[in-house]
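This briefing goes through a protein model topic by topic. Please keep the sequence and the structure in view while reading.

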2 protein chains.
Amino acid sequence: MDTSIKKKRVRGRLSREMIEDAAFNVIETEGLSGFSMRKLAAALGCEAMSIYHHFPSVAHLHEALVDRLVGSLEMPDAGLPWRQRMRIAIEDFRRIGRDHPAYATFLVTYRMNSPICLAWLNGILSLFRDGGFDTELSARLFRAVGYYLMGAVLDENAGYAKGPSAVNTVGDEQLARDFPNVMAAGRFFGAAEFDKTFELGLDMLLDEMERLRDGAGAGQLSGKV
Amino acid sequence: MDTSIKKKRVRGRLSREMIEDAAFNVIETEGLSGFSMRKLAAALGCEAMSIYHHFPSVAHLHEALVDRLVGSLEMPDAGLPWRQRMRIAIEDFRRIGRDHPAYATFLVTYRMNSPICLAWLNGILSLFRDGGFDTELSARLFRAVGYYLMGAVLDENAGYAKGPSAVNTVGDEQLARDFPNVMAAGRFFGAAEFDKTFELGLDMLLDEMERLRDGAGAGQLSGKV
DNA sequence: AAATGAACCTTACACTGTAAGTTGTCAAGC
DNA sequence: GCTTGACAACTTACAGTGTAAGGTTCATTT
């Protein structure tokens, strides 16, 4: 005799959106590596295989998650000054990383080939073009700035400040003795310093881009930091 | 009756170094996600659990791998001009990524807290100090340049040029129609363009650092690209 | 009322890292 | 030469993973 309480099976209870919501939740509570279809199912109150009716594989689910994050990005108002537009677009991406810290590693590792991601890339490249750069320089500057942005998102959400991932860690006294520069710099590596550090690097790149566009005008960075 | 051929069990046949070598091999041939203790054991001609005698867990093994890569880095000759020293140190790290492309994702994701990694970080921070920056600016510039470097290593080894990771990919005709900027820029995203793009961004950052140090001198980037 | 098909569940398989226990082999001491 | 002990490698087993295959239930359409 089956004494177990039968879960009421309701058709159409699940939806892609619900599953995505729950997936973000599980990822942020369990961590990216702690995420699994079974845990996701548990969070949804269903069986793992039920999810496969809505997403044919975890890869498809992940793509949907990335698409939702990237799809939420809007291009900055074209009426604003170029530097401000560029800054806003960059900070917007950085923000979706901060909003989903556990997912950030996946986000920056993901190769953006879906239509939604390509649309965003296309818009950003257009923004570079608006800066007055030709195709080649737009592409290279996009890449260079993108490197900086991706590295920052990675570090800010999964980096040094999140604690050690090493197995053989080093205590504070050894740190002070053997690695004094790391010890001293550590004060500026914490989460409270992310914004200021990011702004410094971003301003450096923005300054250089404006300089490149204006044909290497006089230095403009004096006394800024 | 056991008709299987008995593998000769030899004491001391395995060593940490052998295992690390094989691990790099398996990772580069099978990919980072295709790596497993069982495949590593198969490559070594032993059983999975034998590896645990030398490394208590995969985490320990990974730490050893990162340590070996980072530990192979030497600080550039202190007699060279500062800009050249910085460039060499950065390119050296970039090179270990290129030498182990499948491992690059792990490398940039790894939080460097082992003594060997801390020693390297300490040396790099010292290099920034040698540039004439105080503790705070050294720390922030180290981070900013590090962001750029990590993002580059990530893209160059696991990024767009490595093909789609998306499930819903976009064909060339749709790319040309709907995402013309991506299409046009794609020509500069290939592996053959990595060096030139990386140099552009690196020069931008180095220029800005020298400008910061020299108190915003005259522009020097004119006509460089 | 019967048929259809979507939505969900059950079971099963090959894979993972690794804890626990066993066996084979070599070196040292007698 | 024999015994002993330690160590290195192996065997087994378990809980976890993604997901293929097939079964069940139920709202909708006819």
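In which helix of chain A does A:Met49 lie? A:Met49 lies in helix H3, which covers residues 48–51 of chain A. The model is predicted, and the values below are computed from it.

**Chain A overall**

- Chain A has 11 helices and 0 strands, so that from the N terminus on its elements run α-α-α-α-α-α-α-α-α-α-α.
- The radius of gyration of chain A is 22 Å, whereas the globule rule gives 17 Å for 225 residues; chain A is therefore more spread out than a compact globule.
- The C-alpha trace of chain A spans about 85 × 50 × 25 Å along its principal axes.
- Of the 225 residues in chain A, 52% are buried.
- Contacts that join residues at least 24 apart make up 69% of those in chain A between residues at least 6 apart in sequence.

**Surface and charge of chain A**

- The accessible surface of chain A is about 10,600 Å², and carbon and sulfur atoms account for 52% of that area.
- There are 27 positive and 30 negative side chains in chain A.
- The centres of these two sets of side chains lie 6 Å apart.

- A:Met49 counts as exposed because its relative accessibility is 60%, over the 50% cut-off.
- A:Met49 and A:Glu136 are separated by 87 residues in sequence, and their C-alpha atoms are 47 Å apart in space.

**A:Glu91 in helix H5**

- A:Glu91 is placed in helix H5 of chain A, which covers residues 82–99.
- With a relative accessibility of 18%, A:Glu91 counts as buried, since the limit is under 20%.
- The side chain of A:Glu91 forms a polar contact of 2.9 Å with the side chain of A:Arg94.
- Leaving aside neighbours within four places in sequence, the residues in contact with A:Glu91 are A:Phe198, A:Glu199 and A:Leu202.

**Helix H6 of chain A**

- Helix H6 of chain A covers residues 101–109, and its buried residues include A:Tyr103, A:Ala104, A:Thr105, A:Leu107 and A:Val108.
- From chain A, the cover over the buried residues of H6(A) includes helix H1 (16–30), helix H4 (58–71), H5 and helix H8 (135–158).
- Chain B also contributes to this cover, through its helix H6 (101–109) and helix H8 (135–158).

**A:Arg143 and its contacts with chain B**

- A:Arg143 is found in helix H8 of chain A and is buried, with a relative accessible area of 10%.
- Between side chains, A:Arg143 makes a polar contact of 3.1 Å with B:Asp155.
- Not counting residues up to four places away in sequence, A:Arg143 touches B:Asp155, B:Tyr160, B:Phe189 and B:Thr197.

**B:Val26 in helix H1**

- B:Val26 has its place in helix H1 of chain B, residues 16–30.
- A relative accessible area of 7% makes B:Val26 buried.
- Residues up to four places away in sequence left out, B:Val26 touches B:Gly31, B:Phe35, B:Lys39, B:Leu40 and B:Ala43.
- B:Val26 and B:Pro56 are 30 residues apart in sequence, with 19 Å between their C-alpha atoms.

Conventions
Residues are numbered from 1 along each chain as its sequence is written. Chains are lettered from A and ligands numbered from 1 in the order in which they are written. This is a predicted model: local features need pLDDT of at least 70, side-chain atom pairs count only at pLDDT 80 or more; totals for chains, interfaces and linings use all residues. Side-chain values use heavy atoms; hydrogens and water are left out. Helices (H or I, at least four residues) and strands (E, at least two) are DSSP runs, numbered from the N terminus. Buried means under 20% relative accessible area, exposed over 50%, partly exposed in between (1.4 Å probe, protein chains only). A polar contact is a pair of N or O atoms within 3.5 Å; within protein, one must be able to donate a hydrogen and the other to accept it, and residues adjacent in sequence count only if both atoms are side-chain atoms. Contact means heavy atoms within 4.5 Å. The radius of gyration is taken over C-alpha atoms; the globule rule is 2.2 Å times the number of residues to the power 0.38. Accessible areas come from the Shrake-Rupley method with a 1.4 Å probe; for residues, only the protein chains shown count as cover. Lys and Arg count as positive and Asp and Glu as negative; His and the chain ends are not counted. The place of a charge is taken as NZ of Lys, CZ of Arg, CG of Asp or CD of Glu.
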